[in-house]
Amino acid sequence: MTIWTELLTHAEAVKTRRIAELFENGNRAAEFTCESGPFLFDYSKTNIDAAALDLLVRLAEDADLAARREAMFTGAKINETEGRAVLHTALRNLSHPVCVDGEDVMPKVRKTHARMVGFARDVREGRFTGQGGAITDVVNIGIGGSDLGPAMAVLALAPYHDGPRCHFVSNVDGAHIHDRLKGLNPETTLVIVASKTFTTIETMTNAETARRWMAQTVKDPAAQFAALSTASDKTAAFGIHPARVFGFEDWVGGRYSMWGPIGLSLMLAIGPEQFDAMLRGAAAMDAHFHAAPLAQNLPVLLALVGIWHNQFCGYATRAVLPYDQRLSRLPAYLQQLEMESNGKRVSMDGADLPYHSGPVVWGEPGTNGQHAFYQLIHQGTRVIPCEFMLAAEGHEPDLAHQHLLLAANCLAQSEALMRGRSLAEATEIMRKKGLTGAELERQARHRVFPGSRPSTTLLYPKLTPEVFGGIVALYEHRVFVEGVILGINSFDQWGVELGKELALALAPVLEGTSDGAGKDGSTRALAARVRALRG
Ligand code: F6P
């Protein structure tokens with residue numbers, strides 16, 4: 001029997017077991033918890049037992065995880081469909097050499113980092129100004145990995161802001177840039193065009209719009225533009241001076257890029273020292289992931305719990321529920337990180353996967369979600385594994401009582417999901433309210449919680465830059481481990497191409513300069529109706 005089959009068999013055998021029962025013997029809370037640096041990861045409220053854990057670790061070993069991990073950290077071209085190394089970890093290592101094609105990439109990484117620091121200081125300390133004075137606002141124009149990471153980070157680290165205000169524009173919908181630029185003074189605004197390829201239609205269209213907006217009041221708009229890209233020829237063609245172009249290499253994937261130039265807006269907001277603290281936190285997680293044994297390795301355990309739920313228990317989605325308002329963009333960030341990385345239907349060698357790709361990831365911060373979709377998590381017919389995240393304390397000492405309430409809610413939810421409420425308990429509650437007979441029975445049934453619903457909790461002291469860096473690196477490595485176990489390439493994204501191509505071909509149909517020959521009837525009819533409605 002293969003390990004995969006053993007796991008399927010084991011999952012089937014234990015599927016009706018109550019998670020709460022697992023706490024009856026031994027010290028499960030300690031045994032199914034892993035700690036590293038500031039993090040404690042509790043996965044005891046899942047149906048994973050010692051046998052399942054052992055099999056899952058063997059599954060990771062069997063997938064050659066240790067060797068694949070080494071290959072990633074040492075610059076091997078593990079992104080095989082694009083022939084690229086995967087070295088976002090180099091952006092936060094800043095110490096030891098890392099070679100790609102026999103060349104140490106670190107001198108260049110350090111040089112770019114130093115240039116970012118210099119520029120950030122110049123802006124923050126007023127040496128680089130707009131044509132109307134010190135920079136008050138920064139507009140980052142980018143999409144996907146060139147937006148989600150820095151946008152999430154700027155919000156997450158709001159207590160550390162002491163630089164210009166940062167705004168993010170991503171959508172090609174003109175409403176986005178219109179609303180963001182409204183009220184800004186072009187003379188004191190810095191526009192950052194963030195695009196790895198510098199060809200992404202949304203970003204380039206918004207960048208042109210921003211340039212036109214600035215040109216209305218500013219003599220030399222290009223002087224207030226910076227670019228973050230691997231394509232220096234294209235940034236030059238756009239007219240951005242090389243002094244304000246921050247380049248990176250193709251071994252940094254878009255969704256893994258906030259640690260380098262793509263993080264410039266964050267560095268401007270919080271300053272180089274706090275930015276470096278975030279890098280240190282991520283580097284500490286890298287070191288842990290690189291060295292810790294698989295069974296005590298946080299990213300590996302997160303991945304194994306994920307694989308268990310998605311592949312062996314058949315739970316198709318996973319909810320990420322940070323009880324940390326400032327992590328409210330984390331679910332959106334993880335949607336790209338996880339679904340663009342592991343949403344693949346073929347393995348590395350092009351064969352169809354004999355199992356599912358990675359899960360659907362979604363979520364919202366608590367407690368907001370409690371008043372929206374938790375109903376379905378508690379009483380719906382599908383099981384949704386939940387990933388809770390919680391800081392022991394907030395940044396607002398005056399509001400510590402609110403943080404306590406937040407923490408109580410977080411712990412209460414995982415407890416409620418596991419414990420549930422039986423029909424007998426629900427009946428007793430309703431009986432005390434005076435109900436009897438058929439009405440008692442009917443009302444009680446609505447108040448039953450099946451329970452035994454799995455969740456994990458990631459606990460950390462406070463959302464500092466170090467901790468935030470560690471959280472993001474933790475998830476990056478988790479995605480990598482899941483990809484290795486599934487045998488897929490987590491670093492390409494061919495699935496986004498078809499829609500882009502078709503959109504380009506449809507623009508002339510909407511303009512009326514093409515009749516849409518070759519398009520299906522529905523698409524042609526919808527295009528015709530859009531044309532008619534637009535007059
Ligand atoms: O369309 C998907 C994608 O290529 C993402 O992988 C990437 O993060 C995003 O578009 C933006 O790409 P770029 O940074 O090249 O503009």
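These questions and answers walk through a predicted model of one protein chain.

Q: What share of the contacts with a separation of 6 or more joins residues 24 or more positions apart?
A: Buried residues make up 50% of the 535 residues. Contact here means heavy atoms within 4.5 Å. Among contacts with a separation of 6 or more, the share from residues 24 or more positions apart is 75%.

Q: What distance separates the centres of domain 1 and domain 3?
A: Domain 1 is built from three stretches, 3-75, 278-419 and 453-492. Domain 2 covers 105-270, and domain 3 covers 497-534. Taken over C-alpha atoms, the centres of domain 1 and domain 3 are separated by 42 Å.

Q: Which residues does UniProt place under "active site", and which of them line the largest pocket?
A: The unreviewed UniProt entry gives this feature to Glu340, His371 and Lys500. They span 161 residues in sequence, and the farthest two C-alpha atoms are 36.5 Å apart, so they do not all gather at one spot. Of these residues, the lining of the largest pocket includes Glu340 and Lys500.

Q: Is Glu340 buried, partly exposed or exposed?
A: Glu340 sits in helix α13, residues 330-342. Beyond its neighbours within four places in sequence, Glu340 contacts Arg255, Gln335, Asp492, Gln493 and Val496. Buried means under 20% relative accessible area, and exposed means over 50%. Glu340 has 22%, so it counts as partly exposed.

Q: What is the relative accessible area of Lys500?
A: Lys500 belongs to helix α19, residues 497-511. The cut-off for exposed is over 50%. Lys500 counts as partly exposed, with a relative accessible area of 47%.

Q: Why do the buried residues of α16 line one face of the helix?
A: Helix α16 covers residues 423-432, and Ala426, Thr427 and Met430 are buried there. An α-helix has 3.6 residues a turn, so residues three or four places apart point the same way. Seen down the axis of α16, its buried residues line one face because they fall within an arc of 100°.

Q: What do the buried residues of α16 pack against?
A: On the other side of α16, Ala424 and Lys432 are exposed. Just after α16, Gly434 takes a positive phi of about 100°. The buried residues of α16 pack against α17.

Q: Is Ser452 buried or exposed?
A: Ser452 is not a glycine, yet its phi is positive, near 55°. Ser452 lies in the loop between α17 and β15. Its relative accessibility is 18%, and the cut-off for buried is under 20%. Ser452 therefore counts as buried.

Note on methods:
Residues are numbered from 1 along each chain as its sequence is written. This is a predicted model: local features need pLDDT of at least 70, side-chain atom pairs count only at pLDDT 80 or more; totals for chains, interfaces and linings use all residues. Side-chain values use heavy atoms; hydrogens and water are left out. UniProt positions are given in the numbering used here, feature names are shortened, and annotations may be inferred rather than shown by experiment. On a 1 Å grid over the protein atoms alone, a cavity is a set of points where a 1.4 Å probe fits but cannot get out, and a pocket is an open set with protein on both sides within 12 Å along at least five of seven lines; lining residues have an atom within 4 Å of a point. Helices (H or I, at least four residues) and strands (E, at least two) are DSSP runs, numbered from the N terminus. Buried means under 20% relative accessible area, exposed over 50%, partly exposed in between (1.4 Å probe, protein chains only). The arc is that of the directions from the helix axis to the C-beta atoms. Domain bounds come from an automatic or database domain assignment.
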